[in-house]
Structure formats: C-alpha cells, structure tokens
Amino acid sequence: MKPYFSSLKKISLGTELQFIEDTLISDVFIDSRNALLHKSSIFFAIKGARNNGHQFIASLYHDGVRNFVVEEEIDPKYLPGANIFLAKSSISTLQSFAALKRQLYHGKLVAITGSNGKTITKEWLGQLMSSFYSVYKSPRSFNSQVGVPLSLWPLSDYQDYAIIEAGISKMGEMEHLQKIIQPEIGIFTNIGTAHDEGFPNLEEKALQKAILFKESSTIIYSKDYPEVAHALHNIPDLSSKNLIGWSFEDNTSSYFVETEEKNSLTAIRIPFNDKLFIFEVPFTDYASLENITNCLFFLLNEGIPVKLIHNALMELKPVAMRMEVKQAIHQNYLVDDSYNNDLVGLDTAIQFFRQQKQFANKVIILSDLLETGLSDSLLYQQVAKKIETEKLSLFIGVGPAISRQKNLFQTNSLFFNTTEELLLYLNERPIKESVILIKGARSFHFEKIVKSLEQKIHGTVLEVNLNAITHNLNFYRSKLKPRVKTMAMVKAFSYGNGSHEVANWLQFQKVDYLAVAYSDEGVALRQHGIHLPIMVMNPTVSSFDLLTKYQLEPEIYSLELFQEYASFVRGKKGAFKVHLKLDTGMHRLGFESGDLNELISRLRDNPQFKVASIFSHLAGSDEAIHNGFSAKQAFSFKKMAEELIEALNYRPLLHLLNSPGISRFPDFQFDMVRLGVGLYGVDATQLHQDRLQSVSVLKTVISQVKFVKQGDTIGYSRKGVAEKHMRIATIAIGYADGYDRKFSNGIGKVHIQGKPAPVVGNVCMDMCMVDVTDIDCTAGEEVIVFGQNPTLFELADAINTIPYEILTNVSDRVKRVFYSE
Ligand SMILES: *Cc1c(COP(=O)(O)O)cnc(C)c1O
C-alpha cells in the first residue's frame, strides 16, 4: 500500500503555483487555526515540541483542504481525493519549495537583518519604494525558519522589489535562510542584545547574521556597530561588493551622516556619490533616525531622484507594530490596519480578523489597492475571493477602482468613491455591535474613520497582550503531564482583563474548559461565540434556566443546591452535566466527607445528572509553609473522589490545582488543572515569576503640569504639602478607575519616562497628582500605572493586598485594548 505521491512535481511560477494533477495552489499554511481553508491550500503538518500538526489533518480535510505534506505516515484511506505527500521533514520541504520559488523570481530581492528595527525598516522602505515601484514586503515579523519560507511564497514577477525580513535565534540558522532568500541587496540594521541566549557573544552573533549577505552585491549598514563592520569584513569576495558603511559618529568616514534637530524635525545630511543630500524627517529619536538613514542610502543607491524621495518622506507614516482590537462606539470593536494595503497584508489582517470569533457581525472596510502589475479585474477578483470566505455581514469598498468592480463582490456590500462620502454615510447610519476591520492605502486617510469610531473616553487604557497569555499558558502546560487537561479561569472579567476577548483567545489556543463565577458571565461568553464547555462556580436558583439554555455546567456544592437543581431538571429531557465540589479544608463551598453517603444516594435517584468532574480547592498553595496542609487536602480529595467514583460507575475528571498549585505539586495534577492568575502573568508562589510575561499594562496620561510653591498644599483635605518648590502632574486616573485610595500620599508611585513619580496628597475619584519635580514632562504624556514597571506585585505590596485584587479592581470604564504581535 503506497498511494502517497512520492514527490512533488510540475512547479511553475505564477501568482498561483501549478501543482501535481493540475491542482492550483494559492495558499500555504502550517497553522490550522487561521488559514484560508479550501481545495487550493496546502497544509504542511509539522511535529513540534508541543503541538503536532498531523492531528489537525482530519478536520482540515473536513473543511475542504485537499493537499497535505506530512512527516508521519497517515492512512490515506480516510482522505479520499486528497494529495498527500510524505516528506522526511515538513519544514525542510517547505524551505526547499520556498527556495525554488525564490529562484524563479526576477525582481530585486532585499533582505533585512539585525537585532532591532528590522520590521520598521522593512515597512518604511516598503512605504517609500511603493511610491515608485511595485513592492512586496514580507508580512509582519515572518522572519523565522518557517516564517521566511511562508513569506517567500507570494513572490511574483510583477513585483519589482521584494523586501524580506530575516531573524535567527541560534547558531547555524542563517545558513538555511541565506540559501532560501539569496538576497541581492542587504541591510544590516544593528546589533544588540535581543535574543542573546543562542550565541556565545556579540561578535559571534554579528558573524552569524552577516552570513545572510555572503552572496549579496550591495550591503548597507552602520559602522557605528564595530561588531557589524567586523562581521561584514569577514565575508568572502569582499572587493567585488558594494559596501555602504555609514556613520553618525566618525567624521572621517566617507559616509559620515550629520543630523540636526529643530522643532521635532530632523535634518539628515547624507554624502553620496560626491554630492551632499539633505532630507527632513518628522522625528528625532535615535532609533528612527538610524532606520530611516538605512532606507535613504538604499533609495540613493537605487538612483531614485531626490525630489521624489522628498515627496515620499512627507508621506511617511508610523508603523503599527501589532494588530489591535479596540473597543469603539456603538458596541463595536475595531481592528485598525489603516496605513497599509496590499494583497499579502490583506491576508495577514484577515487572519487576525478571523480569530475574533467573539463577534457575530463582521464588517470589512477596504480601500482601493494601489498595486501595480495586476489588472483591476484580476486584482479585485482575488480580493473578492479572500473576502467571500469571511461570511461578512457587510463589506464596504472605498475608492473609484474598487467601486468599478462592485459586481465581483458579495451582495451585502456598499461602495463609496471617497472616504468623506463613507464618513457622511456612517454619520447617518452607524455600524453597531460588530467587529470592523479597517484597511486602506495611505492616500485614503482611513485614520479619519478610525478616529470617528474610537471610543471618546478618558485616556486611561488597560492594554492586554494576548501573546503573553499564550506564553504563560504554554509555560504552565509545559509543567503538565501528558493528557492532563487545562481549565482556564475567566471569572471576574478574566481577572479584570476583559471576558469574551480573553476567552476567545483561550479557545483559539485550545484550552479544554473554561470556568466563570456566575451564570451571567457564562451567558455573555456563549453570546460571543465561545463553544468550549463552561463551568459556573456560583449558580443561583434564579439562573437555572440560563444554565440549561446556554449549556453551562453548574458547580454543585451542597445537598440543598443539588436538590434544587434536581427539581428544576425533573421532567426535562437529556443529561445535565454537573461538577461536584468537595471541601477538603478551604471551608468555603463544598461537600464534606460526612455528606457523601447522602450525596451518593441522591446521585442514584437522579440519573439525569452526569457528573462531568469532581474537584476541590487548595487553601494555601501559594505559600510553602502550607505544603503539608496542601498534601493532606490532596489525600482527602483523592479518598472522597474515589468513594464517589465507585458509586457512580464511571470516571468523571478529577481536579485540584490552581496556578500556584501547578507550580508546587506536580503529583496532584489528576486529570485537569484550573489555571487562573498565572495566565495573567502572576506567579503567586513567586517561584517562576521570571518565566512569565506580564499581560496587562494600565496606562493613563498627564492632563496638566503645574508648579507649586513651597508651603502650598495639593488636593483634597490639603493632605499634600509642598516641602519645597515642586512640579506636579495631574494624571487621569482615580479610585473610580480602580486606583485605590490607599495609594495616597506617596504610597503609590506611577512611572513617567521610566522614572517613578510618587502620588502627592489624596487620590481623587477621577484623577490624582504626582510629583514630577525631577521629570521633564508635559501634558499628554504617557503614564504607566502598572505593567513591567512598576509591577502588580509592587502595587499590591504597597497597600497590603495581592495582585489579584489590583487587577480585578480596574473598573469597567477603563477601555481595554487587546493586541497580538
Ligand atoms: C479562582 C479559582 C481558581 C484559580 O486560582 P488561581 O490562583 O488564580 O490560579 C481555581 N479554582 C477555583 C475554585 C477558583 O475559584
């Protein structure tokens, strides 16, 4: 039996890939969660440390995917009509296809590497060059061993330039990437300590990165990094290469670049080909100047006329480094990608958009794609096809070109010639309760749409980093034995972080169970597309109908509650899942050992109850001094649970551990663990705090800065007294936002420009005053209340509480912004 095709053949370049048996391949993917699933996609199943892509093949087949590259034998009998290719290694196969695709590309390929600034340099270079040429750039940070091959897939000869980002995290990786990318031109941004672990020292790291350019003809870099200069001079055949090593510092250098700052602009003087060119850019910070200088040398070297460069610089836009979901007016959410519009960028945005399963209504607002090389009809055919799969409630096209192609699009679409026309329309007929993807080419100024939709509330936001949640989840998962399930605790608005947004993300990360405190919380999750099983810990009699209507599973903790729920379900059809809570020493909720006989007899009388799990809760897992007590709890839990199981004749899931318990007690994992605060970046045991990432940052802004004379007082009850002449800043956060009044009078410190600013006087309801005598700040500036610095722990310690309370106290009126990098 060998029905596998033994090799892949017939590959030719087009916008689509000609494949064996005349199958057209338009999409390549390795992550089953956010792909376009159709018969012209190909899935590369990769066996990773934690996930095995092969386990998703059946469901992908079910969703219409027909092409698979696998590295484990699978039985093709269950996948009739599919092309299955058995490879030694899926990643290497993916890499060699990408290399082939690269060889067939005839435009100019530019590669960017370095420690910092790769993405910004790529995005800016893309912005600048696309004023003159058709430019392809690799999607956001697709720069790894699998990211690079995926980013090369869309290469096509109508693109004059392709700009590809490459990053490595350990020795030897760049050899592979060099072979795949084969850049003609290289930009080496800089060298720093990012991802240092994989390299013995900075010199070696620079040498490794420089390998990318060993066959390039032109290399642009800053000589101000001696390791970079040294590494590049180690490349073979140097004399035949055009090395542009510029410097901000060394005035003897032939590419000595001078900068002069005035009124938040910077003039950059660049010597090139015996001439001096002066450009003006709208920023002053060192990193931005370095990135733009690399771009400018590139443009000059490509012979772009100076006047055109000036014009392009005027249009330069900040680079959004991440995709965000923001709360907006009319209960909308926005995915703002308003500066960028090309076909590949559209794919990335749609992928992110697709993850927002918590919303039933989806709207995309898209401008003309200013892409040369494809005819309008072909281009918008492709766009329409991508959008069709998203099942939108509304599509809005803006611009003359897309409007001319309106027949290609779904029926519930609207078209406008200009952004202004759309804004007028939205004024009359606002979009409501939807998630809206906003994506437009720069000239359409879609930031106006974003501004008109954004929630106009005070400038205090809680930023929630969804990738950090994934990181923390994976950290705890790595401590679990195989097959131990994870229940994620999303009670109390996901510990203050936002309920359905976080739950949706956790569902996407494939946790097994969710738990909330109250039925309403569970209902809200169901209404936002959460289909995971949900346990409700405090069900009330008045909410029983909600439980059954929304398939929520109550925790049953007493004989009374058992009886009430039993009477409620009597006469109703079907099985009703319940979770039995045992009290083993917490003395909060739960059956005690004396209740078991009665409980067992009632379970026998009520066979419509299906016990989904039996669990208990540790009272002192956060502190080592209680280890003995925790172990006792575990033993009585096991004993009581076994008694119940024997009577039940089937085995429900058993679970005991919360986050600190997972850190301490690998032996008590049973069938599942209940992960709460650890997900949100807090290790209550403090044992692994450095392995977790902080998830949320509470930020506000300075409303006003003023001078206060010695002897004057500040705020209510005249509690703040100026012992010297002081500068104070009034910031837009108070106890009604969750900034505890106990932070008054120097107990709390916020950070401004990375420096601590202690609270002066009493915290007010909506604001408070902080001492900025030694910080040179102005109104409008950002203030960090908690995040990486100061940490939740520091805040909690200062007012004698625990991080849980600080997090869950952040009030509803504080806008949440969710992002993933
Ligand atoms: C909140 C809660 C958890 C999660 O605890 P963390 O310390 O946040 O991990 C687990 N189990 C029960 C019963 C809870 O109420």
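UniProt positions follow the numbering used here, feature names are shortened, and annotations may be inferred rather than shown by experiment. The model is predicted: local features need pLDDT of at least 70, side-chain atom pairs count only at pLDDT 80 or more, and totals for chains, interfaces and linings use all residues. Residues are numbered from 1 along each chain as its sequence is written, and side-chain values use heavy atoms, with hydrogens and water left out.

**View 1. The two annotated active-site residues.** An unreviewed UniProt entry lists Lys491 and Tyr716 under "active site". They are spread over 226 residues of sequence. In space they are spread too, up to 35.6 Å between C-alpha atoms.

View 2. Lys491 sits in helix 16 (residues 491-495). Helices are DSSP runs of H or I, at least four residues, and strands are runs of E, at least two; both are numbered from the N terminus. Lys491 has a relative accessible area of 25%, so it is partly exposed. Buried means under 20%, exposed over 50%, and partly exposed in between (1.4 Å probe, protein chains only). Leaving out residues up to four places away in sequence, Lys491 touches Ala515, Val516, Ala517, Glu521 and Met537. Contact means heavy atoms within 4.5 Å.

**View 3. Surroundings of Tyr716.** Tyr716 lies in the loop between strand 32 (713-714) and strand 33 (720-721). Its relative accessibility is 59%, so Tyr716 counts as exposed. Beyond residues up to four places away in sequence, Tyr716 touches Asn762 and Cys764.

View 4. UniProt (unreviewed entry) places "domain: Alanine racemase C-terminal" at residues 695-819. This stretch is 38% strand and 10% helix. Its end C-alpha atoms are 10 Å apart.

**View 5. The largest nonpolar core.** A nonpolar core is a set of buried Ala, Val, Leu, Ile, Met, Phe, Trp, Tyr and Cys residues joined through side-chain atoms within 4.5 Å. The largest one has 142 residues. Those with the most contacts inside it are Leu506, Leu514, Leu580, Ile614, Tyr739 and Ile752. Helix 22 (residues 627-648) gives the most to this core, with seven residues. Another core, of 38 residues, lies apart from it and includes Val110 and Ile270.

**View 6. Helix 11, one face buried.** The 13 residues of helix 11 (residues 376-388) should span 18 Å at 1.5 Å a residue, and the end C-alpha atoms are 18 Å apart, which agrees. The expected span is 1.5 Å times one less than the number of residues. Leu379, Tyr380, Val383, Ala384, Lys386 and Ile387 are buried. Down the axis of helix 11, its buried residues fall within an arc of 160°, so they line one face. The arc is that of the directions from the helix axis to the C-beta atoms.
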